[in-house]
Amino acid sequence: MDIKSINTRELSRGILHVRIIKVDSPSLIWIQLYHAREDLKELIEDLTRQMARRGRGLILNPDHALPDAYVAVQEGRTWQRGVIINLEGKDTVTVALRDWGRVIRRPVTDMYILEDRFRELNWQAIPCGLAHLRPVGARSRWSRNSRALTRLLLGRREGWMQILEPIENYAAIITLELKRESEDETSSLKDLLFSMGCALHTDAKAVPTIPGIL
């Protein structure tokens, strides 16, 4: 059974309450829908209990550790869903944790079979890009400073997004308003990025950038 991404073409074009879980640049932000957080929490708790009970019987045969294979992998005290995206020699694999927008490297011996019942929930992280923003100057690559400041401004925040344009069914160009953490803070993300020198305005909804969703 394949794990599907959330289809952004089917999401509401209204305001959606979201949580920002990872920031790579203003053009590549990973979000989770706030209303679905309990579904993922329950899945992770169920998976962690199952691996505590049956983990020894679910060790993945190293010969089956191939690209596109779904796996269960332990992170700290919990277990997560992942998919192998690359082999690095005979002993190491690269795994995408698509509920969180992260990529990790692990020994093949750390890979476990992900049972079908844990594949029913869609991947919960949605890659998004902020609309009408571009890097400072004529470059297409976001500077290290801009990326660091954006992570500082957005990391682990809540807010409200509106989809302007879905990209390839699994991503989206969005507007985003942050939940204020103090009365003095502006909720306008664009104003924050402009004032900190992280980005400039563009009339286009989105422009190709590195990193970015286009």
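The legends below describe close-up views of a predicted model. Local features need pLDDT of at least 70 and side-chain atom pairs count only at pLDDT 80 or more, while totals for chains, interfaces and linings use all residues. Residues are numbered from 1 along each chain as its sequence is written, and side-chain values use heavy atoms, with hydrogens and water left out.

**View A. The largest nonpolar core has 29 residues.** A nonpolar core is a set of buried Ala, Val, Leu, Ile, Met, Phe, Trp, Tyr and Cys residues joined through side-chain atoms within 4.5 Å; buried means under 20% relative accessible area, exposed over 50%, and partly exposed in between (1.4 Å probe, protein chains only). Ile 31, Leu 33, Met 161 and Leu 176 touch the most other members. Elements that each supply at least two residues of this core include strand 1 (16-25), strand 2 (28-33), helix 2 (144-154) and strand 10 (158-167). Helices (H or I, at least four residues) and strands (E, at least two) are DSSP runs, numbered from the N terminus. Another core, of 26 residues, lies apart from this one and has Met 51, Tyr 70, Ala 72 and Trp 123 among its members.

**View B. Surroundings of Leu 33.** Neighbours within four places in sequence are set aside. Contact means heavy atoms within 4.5 Å. Leu 33 is in contact with Ile 6, Leu 11, Leu 16, His 17, Val 18, Ile 126 and Met 161.

**View C. Buried and exposed sides of helix 1 (residues 37-54).** Buried residues of the helix are Leu 40, Leu 43, Ile 44, Leu 47, Thr 48, Gln 50 and Met 51. These residues lie on the same side of helix 1, because they cover an arc of only 165° around the axis (directions from the helix axis to the C-beta atoms). Ala 52 and Arg 53, on the other side, are exposed. Lys 41, also in helix 1, counts as partly exposed at 45% relative accessibility. The cover over the buried residues includes strand 2, strand 3 (70-75), strand 4 (78-88) and strand 7 (112-113).

View D. Strand 4 is joined to strand 5 (residues 92-97) by five bridges, and Asn 86 stands opposite Thr 94 in strand 5.

How values were computed
Expected span 1.5 Å × (residues − 1). Pairing = 2+ DSSP bridges.
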